[in-house]
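User: Hi, I've got a structure to go through and would like a hand with it. Could you start with the charged pairs?

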Amino acid sequence: MNVLACYKVVYEEQDIVVGPDGKLSFDRAEIKPSLYDLNAIEEGSRIAAATGGTLKGVTVGDKKVDDGKLKKGVLSRGPEEIFLVMDDSLADTDTNQTATALAAAAKKIGFDLILCGEGSSDYYSQQVGIQLGEILGLPVINAVSKITVEGDKIIAERSLESDVEVLEIPTPAVICVTSDINEPKVPSMKDILAAGKKPVTVFSPGDLGVSLEPKVEKISVQAPKAADRKLIIIEGDADDKVAELFEHIKQELK
Amino acid sequence: MKSYFLTEEHEVLKGMVKEFVQNEVVPVTKELDEKHEFPYELMKRCGELGFTGIPIPEKWGGAGSDAISMCIVIEEISKVNASLGLTLDAHTSLGCTPIAFAGTDAQKEKYLIDIASGKKIAAFGLTEPNAGSDAGGTQTTARLDGDHFVINGAKCWITNIGAADTYTITARTDPDSKGPKGISAIIVEKGTPGFTIGKPEKKMGFNSCMSGDLYFNECRVPKENLLGELHQGFKTFMVGLDEGRIAIGAIAVGMAQAALDLAAKYSKERVQFGKPISAFQGVSFKLAEMQAAIDYNRTYMYRVAKMRDSGMRYSTEAAILKFMSSEMALDVIDKSLQIQGGIGYHGDSEVSRMYRDAKLLTIGEGTSEICRVVVGNAVLAKY
């Protein structure tokens, strides 16, 4: 089964600096593949190995996605080849732009199964996989915690509150995986040294014949204001504590 | 992030080692240290990841990479578990490298492939009760008897004892010789009759890295286990010791960096006189000195590694790195503990483990004094 794993390039969260005005600065932030997309890559690698198929990777973004260290890092985790949909206008795409770009690239690359992480580790909208399935007109399942391939069918499990839902769908299909599905393996030195020899293909939106206009206008991104802790410790028996807590909340809301 | 010196592969490797260390080394480090246990599982994982023979050619079971990669791996691992860093150093530089350097194809086939790939663990035996800094004092003997060497004598402070399957040891093969001449390197397999492995020594630190005695009593090993030329063992083991000194540099830099990280974080959290102690120059100047010392040593470590990778002679530089970096680590760890005060002095603190561990660095694999002798001789040879 030929698998295409989608990954987003995001900033390292701990390097993001929140300014006094609540604005975020990414100037000193390293970049990395989004955390949950590593689960998609790992699962793709497993499926490709188990079925004698291939795993390829695809991402959308501005020139960040062409960073050598990042590309080698992704390639060392299993994909035999990666594709970058790259344009200056794609620095901070909305979910529909990303899904549209991925759909066009996927058609060009070819696939039996597309895997996405359950959400990106920056905005975590959990939208791209669903929209990608819709645009491609394919079956799509999200929140999948186990995948079994049976011929050209997929048995996907979703862990619900108290039970497990088992779904069977034909391929081609799009599946979004949760972080429970696997533990991404640490690549070996051999994997890293091999990564530099794997091909990387860059597409512009023009190459794919799509126009990628944003559907969402982003007005501003602000970090939430940190609230000062009140440092009140309520003592007494349960009824008194509840009553006193209630009083404190009432005061706050005034 | 741009790098002035490391390649993209090195940067990816660094990220990968950090991931391995966080996921697999951190969770078991404290327990291994407290129980004085050899890290068998971690060494197996190191083999799978290619860390057990980084500079050894792929053909012989290694990763076919370079000494800079070895520095990166050992530094990152030693930040949290210096015992594992030292185990890897003793295995790779002392255990594998002499065989890669002086071994015949048959020896490499038989021993190197298994150890460089991590299937087996290697050790190197030079130190004796009366020989260490003075390798010429070697009293262990090996006499030729038909197709065999017959070895008699004892070794001490041999790292990786017990866990190792393959031991390269030094023995005097020319009974009429004095000093470093007339000594040979010979490979001895665990389980050879007449070869006894002692119990791990109780040490001040490096608890999950095992060191101890080896005993040879009429121990017969095949003649073809001679490593390198007869009576020329000194050359063979100096290759391992030189490379090992780079690895010790990486352990020292890693430990010092971790000690600085702990001190800097703590100094921003600990409030005294109404402000974090990092706001006092008595503390921030210490942090600055620690950072400066670490950066200098890390840069120099890369230089020596690059010299090795370029095929240059680097014995003098390796000796400089060894004593400078190990003494730096002691100083930085001491400052870190001072900044952390009572919390640092607690027996369970990470810095207290580092404090106990670090002292070995100025002693093992060439004491600070012997390294100064090497450098002093090199200086005087020029004038």
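Analyst: A salt bridge here is a side-chain nitrogen of Lys or Arg within 4 Å of a carboxyl oxygen of Asp or Glu. This is a predicted model, where local features need pLDDT of at least 70 and side-chain atom pairs count only at pLDDT 80 or more, while totals for chains, interfaces and linings use all residues. Residues are numbered from 1 along each chain as its sequence is written, chains are lettered from A and ligands numbered from 1 in the order in which they are written, and side-chain values use heavy atoms, with hydrogens and water left out.

User: OK, how many salt bridges over all chains?

Analyst: There are 36. One of them joins A:Lys218 to A:Asp92, at 2.7 Å from N to O. That pair links distant parts of the chain, 126 residues apart. A:Lys218 is partly exposed at 41% relative accessible area, and A:Asp92 is partly exposed at 44%. (Buried means under 20%, exposed over 50%, partly exposed in between, with a 1.4 Å probe and protein chains only.)

User: And how many salt bridges between chain B and chain A?

Analyst: Three. Among them is B:Glu9 with A:Lys72, whose closest N and O atoms are 3.7 Å apart. B:Glu9 counts as partly exposed at 22%, whereas A:Lys72 is buried at 14%.

User: How much area do chain B and chain A bury between them?

Analyst: About 1600 Å², with 64% of that on carbon and sulfur atoms. Buried area is the accessible area (1.4 Å probe) that two parts lose on being put together, summed over both. Chain B puts 21 residues into the contact and chain A 17, counting heavy atoms within 4.5 Å.

User: What about B:Cys209, buried or exposed?

Analyst: B:Cys209 counts as buried, at 0% relative accessibility. B:Cys209 is in no disulfide either, and the nearest cysteine sulfur, that of B:Cys46, is 13 Å away.

Notes: Disulfide = S-S within 2.5 Å. Helix = DSSP H or I, 4+ residues; strand = E, 2+ residues; numbered from the N terminus.
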